[in-house]
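Please open the model in a viewer and keep the selection panel at hand.

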Amino acid sequence: MNKTIQTVESAAAGSAFLIEDVYPLIDGGRFAVKRIAGERVEVWADIYRDGEAVITAALIWRAEQDREWQSEPMIHHGNDRWSGAFTPVEPGRYVYAIEAWTDAFATWSHATARKQRTGADVSLDAIEGAALLTKAHGARQDAAAIIIKRCEDYLQTGDVTPLLATELDAAMAESQSRPDLTRSPLFPLMIDRDRARFGAWYQMMPRSQSEIPGQHGTLRDCIARVPDIAAMGFDVLYFTPIHPIGRTHRKGRNDAPVASEGDPGSPYAIGAAEGGHDALHPELGTVEDFRALVATCLEYGLELALDFAVQCSPDHPWLTQHPEWFKWRPDRSVRAADGPYSDIVIPDFGSVDRAGLWNAFRDAMLFWIDHGVTIFAIDNHDTAPLPFWEWLIADIRHRHPEVILFSKTFARPKLMKGLAKLGFAQSFSYFPWRTTKAELEQHLGELTAYPERDFYRPNLFVNTADLLPYHLQSGEPWVFKSRLALAATLSGNYGIFAGFELLEHEAVPGREEYLDSEKYQIKPRDWDKPGNIKPYIAALNRIRNDNAALQQTASLRFLGVEDGETIAFAKEAADPANTVVVVVALSRHVREFWLSFGDLTTDVGGERRHVTALENLLTGEQSRIEWGGIRLRIDPDRDPALLFRCLA
């Protein structure tokens, strides 16, 4: 017998409506759409049923842990397309769904009014309408009063007119039964706080912050640097790992396979006799020093972010406390990572005690949250399976919805997107290797298109502790400024690694790595070294803070410019209305060119108007737009970027 064949009864009891082509939706609802607290969440869908009955639809939503639903009406736009919106105000996980049902009274009312206009007898129709009134229930007091009054008017006169009153349609809409109510599946939604959408990150090695050459920096030295970092306009102070560093297979300077006496090793080789992921490197200071650092950061408007790497050195306490968490070779040696990473060991996430291992990493993260950390940059994703990350993110966000988890991997494109779908609030992108106009437009165009814009928030780091892109290795100031301006304006989130402001550019020959990398040695600096671009960074961050259009990534539109080595784009904020145009030179020579605005408009008091003038955000100078565009000049040696606010 074919069990897929329905009976008449089961088929008749099925849903009366089709609810399809829902937006936003990631992989059919398998993964959560991402939005920001206080941001309006718009939902669109095709909703229809057979016949010409009047349909009503509502958008329902709630926090995942709540029981009570909140509801907002949906609006019909024609061709069975409906939309609705709601605004969650707190970070956390939410669910939303769409409900549709037939409005029996409105269906009767519309049909009867149409029939009456033809001059036909509607006396029987009136009786049917009055009967529907008697079935109303649960109406608010004002709606119930309208229903009773109109019913009495009809009974006294026998005239259908009272039953066709508009106010009666509205009263009955909420007061009649909904036997064919159909609900869509529940769709997940992740609401993050605003820092997930907008922030300027400054990454540094804490041990390099001492003012005394050769001396290991401390957290107190880091505290002394906070005012300087805040003065440049950064929002996030981001530390490489701060835990005890293993001694077994410790790396030497410039990634030498054997360390010399006094070499500090890589901070990513986590764990030693002094402790593991929930311990501080002894030379950095104490937990009390760490708390003082967090407090100082808050005083200056900074948040502290920590690298969180799920790997261990061979000296990590877990290897002796929980040997079952690791893979061991026939000679009883622990299996180390492949290739150049001989100083680290990868835990076995599929071990017989995987629950203990997974919880241990979770508990280490909770330890630092308890000490004031609200942002974690997750390193080396390839060392742990996808189910681990999905579980960890869900567990942490359930306990601490305010925590932001940043995926800092340059993996394969689909893996990077998959990790973002699992819940990472921000992700690295291939921006460091996109240098031409076509490459930048293609890459950012992809990240700001549907569906990527609904789950992938790029954080455009211009360099990292591991990465010195080839285009920066010339050391030319205009290149540093150009890449900084691109990162800071294309994305709501961007970052630099310490030394970028000093134009550091000495590389390992033929490689995109720093010579004398801080990963393997202590590197103090003169942070006010002549030739630094700290004022330029501060000016860009000030403009970002003053213009809401630059505080997001999704609303990005590239503009036509006749110069192939110049890129131009517009960004617009929904609230408050703010449109910014950015033009950046991608090569050093001075150029003049025509910038076309096409049909670009901006919001003025809720009305869309064509842009008529530009205000230079650095100088305040205003320029008129004529013939749909404007002629501009860029001298990259002075400033490779032009930033304008649009006027109308």
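Begin with the helix α13, which passes α14 in a right-handed crossing (right-handed means that the near helix is turned clockwise from the far one by less than a right angle, left-handed that it is turned anticlockwise). Helices (H or I, at least four residues) and strands (E, at least two) are DSSP runs, numbered from the N terminus. The model is predicted: local features need pLDDT of at least 70 and side-chain atom pairs count only at pLDDT 80 or more, whereas totals for chains, interfaces and linings use all residues. Residues are numbered from 1 along each chain as its sequence is written, and side-chain values use heavy atoms, with hydrogens and water left out.

**First stop: α13 and α14**

Select residues 477–490 for α13 and residues 534–546 for α14; the two pack at an angle of about 15 degrees, with their axes 11 Å apart. Axes are lines fitted to C-alpha atoms, for helices over the stretch in contact, and angles run from 0 to 180 degrees between N-to-C directions. The helices α13 and α14 are therefore roughly parallel to each other (angles under 35 degrees count as roughly parallel, over 145 as roughly antiparallel, 65 to 115 as roughly perpendicular and the rest as oblique). Show the side chains of K481, L484, A485 and A488 in α13, and of Y536, I537, L540 and R544 in α14, which make the contact (contact means heavy atoms within 4.5 Å). These contact residues of α13 and α14 comprise 6 nonpolar, no polar and 2 charged. Here Ala, Val, Leu, Ile, Met, Phe, Trp, Tyr, Cys and Pro count as nonpolar, Asp, Glu, Lys and Arg as charged, and the others, Gly among them, as polar.

Which residue of β18 is the bridge partner of Y202? The partner is I496.

Now turn to the aromatic rings, for which the count comes to 35 aromatic pairs. Rings of Phe, Tyr and Trp (its six-membered ring) pair if their centres lie within 6.5 Å; planes under 30 degrees apart count as stacked, over 60 as edge-to-face and the rest as tilted. Select Y238 and F461, an edge-to-face pair at 6.2 Å centre to centre with 85 degrees between the planes. Y238 lies in β12 (residues 236–239) and F461 in β17, so the pair ties together parts that are 223 residues apart in sequence.

Next, display the open sheet of 6 strands in the order β19-β21-β22-β29-β26-β27, where the pairing is antiparallel. Its edge strands are β19 (556–558) and β27 (622–624), and each pairs on one side only. The twist averages 30 degrees from one strand to the next. Focus on β22 (residues 578–585) and β29 (residues 641–647), which pair in the antiparallel sense over 5 bridges; V580 has R645 in β29 as its bridge partner.

Select α3 (residues 123–134) and α4 (residues 141–157), packed at an angle of about 150 degrees with their axes 10 Å apart. These helices, α3 and α4, are therefore roughly antiparallel to each other, and α3 passes α4 in a left-handed crossing. The contact is made by S123, A126, I127, A130 and L133 of α3 and I147, C151 and Y154 of α4.

Then move to α9 (residues 354–370) and α10 (residues 386–399), which pack at an angle of about 35 degrees, with their axes 11 Å apart. The crossing of α9 and α10 is right-handed.

**Last stop: backbone details**

Most residues other than glycine have a negative phi, and most peptide bonds are trans. Select Y23 and P24, joined by a cis peptide bond with omega of about 0 degrees; P24 is in the loop between β1 (18–23) and β2 (33–36). The peptide bond from Y450 to P451 is also cis, with omega near 5 degrees, and P451 is in the loop between α12 (437–447) and β17. Finish at R332, which has a positive phi of about 70 degrees although it is not a glycine.

Definitions and conventions: Two strands pair if DSSP finds at least two bridges between them.
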